[in-house]
Amino acid sequence: MYGIAQKLLSTYEGRDQSDLLSQYSLLKSLFEQGFIDSVDLELAFKTAPKNSHENVYLFLCYLSQATRQGNLCVSIEDQVIPKPCSLWNNLKDDVEAHLLNAVKNLPDIPVKHEAHRYYLPKYYQCEKLFIHHFERLIEHQPSLTIPEPDITNLKLLPEQAKAIQIACWNSLSVISGGPGTGKTHAAGVLIQVLWDAFTPDQKSKARFILTAPTGKAAINLQKSFQRVCDSLEGFQTLRAQTLHSLLGIRPGVRQGRPLSEDVIIVDECSMIDVHMMSQLLSCVKNGARLVLLGDSHQLPPVEAGSLFTDMIGLLEEVGELTHCIRVELQGIRDLSEAIYEGDVDKSLFLLNSQDRGVTKLSFNSERISQLLQDIVLYASELQPKLKDLSYESIKAYLESFCLLSPLRRGLFGVDSLNQKIFENLKNDFARPIMITKNDSRFGLFNGDTGVLVNGDTAIFLDVEKGLKKIPSILLPNFEYAYCMSVHKSQGSEFDHVALLMPQGAEIFGREVFYTGVTRARKQVDIWGSDDTLRATIEKRSVRYSGVGK
């Protein structure tokens, strides 16, 4: 996208880029400092009328940047939200005053304006679709009614019991909590409670479905529900699907198909962007039970919006789980709680205590070359060896260890580290890979992980078939996955995680730190200076929308 925009802009009206910007001093300054780029300028100059005031182009560049950073809209009235300085670190120019002036006399441009909020059209449409169907669902009661369920003998924590009761009585419910708090356990008990309460006639009609944004999350969800489903007499075989598969969304098909299921359980909802969430809600029928599971403290979706978090603020009651029931996770849980609460001193104390599954490793930024070698060697030594090609071995291989970085580029970015670790392990017959482009032919989606064996066959875990084998020559775009971005690791868990927090990580806020830490089941090692960790914890990543406004 960036390259295309740069090429288009370079030939805009037959003028080169430098000539085009020469008459707009503020735009030129922001461009040269890297605050705006060719994508923003392309949108601005193609959208606004020719020879518009510089403030109009600036407004469109700001709106472009804000939405590219995940906001659904911007607010410009007495003040500007999000603040330009929150989008652009170390911004010195007085951009806010120019934006306030710009909206006083905007020309006729394809930007949606509601109250003091401004949207690009596609995000306005998605938000309106979401709000309409959110309101529709909360206004309806479940059509498969049940008597007051007796859950006193199910050995539940009070907060789990409350979450189940909320889901029993509402068509739209949320169960939110961090790792080890029992979200999927509570949802599994919900299925048991509903099934036991249904009449024989209701059981004959009731349809259940499990779904998640990624293939790996769907596999984990199905595994979590297997035991409870097998224990229910007469209960259907329950299969999990990715959201793309369930809704029938694929390249060229952006609108989902109506769902006939009566109980829909969706995991890893913090990963779902505005388009997919609005489509999901629009496809759920009146009277169904839609149960959304997730962790609102994780990173928001890669694409725009954070509607799972927005919903928690809108619903009258939410099943909020806070008690960690997995003892082996307690040290990791204590650290993650301190991070999302923004408690810098407690977070650093727990890190430096080197206790209960948490280790802080030396990060000497004055010896960059040696530090990089140390990290590559460390990750190479911890990279597991694939024993055989059985389902269990491949699952263990993919879930035992992973190196994570919040950065894509640079010395400590995913691209560089993957290449260096690959070179270090070039004699291994198996290599972890990650799909980077959807391919509906093989049911592969961006973020799915697998194993490339001997360079000619890729093997993926499959919800229905167990293992999916595909000749490497037929694979869509992929990359090695010795190191993953923290964003792409969402929906995955590993026994052992090594999290890099180099300078620059702080721009993502505490959510990136929290998400990286909570990918670990047993052990997390963190490379980062106290200054960078402090700056990261002090910053929150907040996305602006018109939901609830």
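**Salt bridges and a domain contact**

Visitor: Which side chain does E479 meet in a salt bridge?

Guide: The side chain of R408, at 3.0 Å from N to O. A salt bridge here is a side-chain nitrogen of Lys or Arg within 4 Å of a carboxyl oxygen of Asp or Glu. This is a predicted model, in which local features need pLDDT of at least 70 and side-chain atom pairs count only at pLDDT 80 or more, while totals for chains, interfaces and linings use all residues. Residues are numbered from 1 along each chain as its sequence is written, and side-chain values use heavy atoms, with hydrogens and water left out.

Visitor: Where do E479 and R408 lie?

Guide: E479 is in strand 17 (residues 478-480) and R408 in the loop between strand 12 (401-405) and helix 20 (414-424), so the pair ties together parts 71 residues apart in sequence. Helices (H or I, at least four residues) and strands (E, at least two) are DSSP runs, numbered from the N terminus.

Visitor: Is E479 buried or exposed?

Guide: E479 is buried, with a relative accessible area of 18%; R408 is partly exposed at 26%. Buried means under 20% relative accessible area, exposed over 50%, and partly exposed in between (1.4 Å probe, protein chains only).

Visitor: And what about K468 and D462, buried or exposed?

Guide: Both K468 and D462 are buried. They form a salt bridge, with the closest N and O atoms 3.3 Å apart. Elsewhere, shared partners join K395, E399, E493, D495 and R521 into one salt-bridge network.

Visitor: How many salt bridges in the whole structure?

Guide: The search finds 21.

Visitor: Changing topic. What are the domains?

Guide: Domain 1 is 1-119, domain 2 is 124-321 and domain 3 is 329-538. The bounds come from an automatic or database domain assignment.

Visitor: How many salt bridges across the interface of domain 2 and domain 3?

Guide: The rule finds 0 there. The two domains bury about 2400 Å² between them, 59% of it on carbon and sulfur atoms. Buried area is the accessible area (1.4 Å probe) that two parts lose on being put together, summed over both.

Visitor: Which element gives the most on the domain 2 side?

Guide: Helix 12, with 8 residues on the side that touches domain 3. The residues of that side divide into 10 nonpolar, 13 polar and 6 charged. Ala, Val, Leu, Ile, Met, Phe, Trp, Tyr, Cys and Pro count as nonpolar, Asp, Glu, Lys and Arg as charged, and the others, Gly among them, as polar.
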